[in-house]
Amino acid sequence: MIIGLTGGIGSGKSTVALAFAELGAAWVDADDVAREIVAPGEPALAAIAERHGRGVLKADGSLDRAALRERIFADPAERKWLEEETHPRVRERLVEHLKRLEAGPAPYVLLVSPLLFESGQDALIERCLVVDVPEATQRARTLARDGVSPEQVEAIMAAQLSRRQRLSRGCDVVDNGGDRAFMRAQAGALDACYRLLARA
Ligand code: ADP
């Protein structure tokens, strides 16, 4: 059984995924895979460099993600181009990872992704778990974690589904607006439920 785990930036996806991993779940992070498919030597990186020039590459030939992010958040057409170039490749690579993990010993597999619905990865899952926090908490935790400006956080949030849209599409919810113990208690209850469903 593959369960999508989604939530906006800074909602706590990685933190919640780790809680499930400690309970025995396998997981793959779509952000890691998105980095994998633009590594040096990958066709997606060549396509990006051809379109945007060497200004989006670091001296060692790897992708300068900050430089690319700056260009695409200022330009919706470029964002669309990049999504069309990368999302199918990410999905393809995710399928490979998921197959491998499904063949392993874990009772179920989590696909952790901020853009589960936005990039069509929801076609790969059977259920969806939404990590939910109030938007003020999301902003505060993101600013405390990342060296980004409040404007950048707003731009990223605006490019993602709204809290209400995300909640209306998920089957299950973790309320991560409280402390970590409160989150872990919910993860424990859901883990029991997922084990049952995976055996059914
Ligand atoms: P995401 O993966 O969704 O972007 P993270 O899991 O990295 O979010 O969480 C964002 C930040 O908030 C991190 O610094 C994390 O340590 C912190 N955090 C996550 N959950 C909680 C919580 N329940 N209480 C306090 N801080 C939290």
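Here is a quick tour of the ligand site, the pocket around it and a separate look at the cavity.

This is a predicted model, in which local features need pLDDT of at least 70, side-chain atom pairs count only at pLDDT 80 or more, and totals for chains, interfaces and linings use all residues. Residues are numbered from 1 along each chain as its sequence is written, and side-chain values use heavy atoms, with hydrogens and water left out. The ligand sits in the largest pocket, where "sits in" means that more than half of its atoms lie within 2 Å of the pocket's grid points.

**Around the ligand**

- The shell holds 13 residues, and Lys13, Ser14, Thr15, Arg145 and Asn176 come nearest; a residue counts as near if one of its heavy atoms lies within 4 Å.
- Sorted by class, the shell has eight polar, five charged and no nonpolar residues. Here Ala, Val, Leu, Ile, Met, Phe, Trp, Tyr, Cys and Pro are nonpolar, Asp, Glu, Lys and Arg are charged, and the others, Gly among them, are polar.
- α1 (13–22) and α6 (135–145) each put at least two residues into the shell, and α1 has the largest share with three. Helices (H or I, at least four residues) and strands (E, at least two) are DSSP runs, numbered from the N terminus.

**Polar atoms facing the ligand**

- Lysine 13 has a polar side-chain atom 2.7 Å from a ligand oxygen.
- Serine 14 has a side-chain N or O atom 2.7 Å from an oxygen of the ligand.
- Arginine 141 has a polar side-chain atom 3.3 Å from a ligand nitrogen.
- On its own the ligand has 560 Å² of accessible area (Shrake-Rupley method, 1.4 Å probe), and the protein covers 80% of that.

**The largest pocket**

- A pocket is an open set of points on a 1 Å grid over the protein atoms alone, with protein on both sides within 12 Å along at least five of seven lines; lining residues have an atom within 4 Å of a point.
- The volume of the largest pocket is about 1,500 Å³, taken as the space filled by probe spheres set on the points.
- It has 45 lining residues, with Asp31, Arg65, Pro114, Ile156 and Gln160 closest to the centre.
- α5 gives the largest share of that lining, six residues.
- The pocket lining splits into 17 nonpolar, 14 polar and 14 charged residues.

**The cavity**

- One cavity of 30 Å³ or more turns up; a cavity is a set of points where a 1.4 Å probe fits but cannot get out.
- The largest cavity has a volume of about 60 Å³, and its lining includes Gly7, Asp132 and Arg163.

Key: A polar contact is a pair of N or O atoms within 3.5 Å; within protein, one must be able to donate a hydrogen and the other to accept it, and residues adjacent in sequence count only if both atoms are side-chain atoms.
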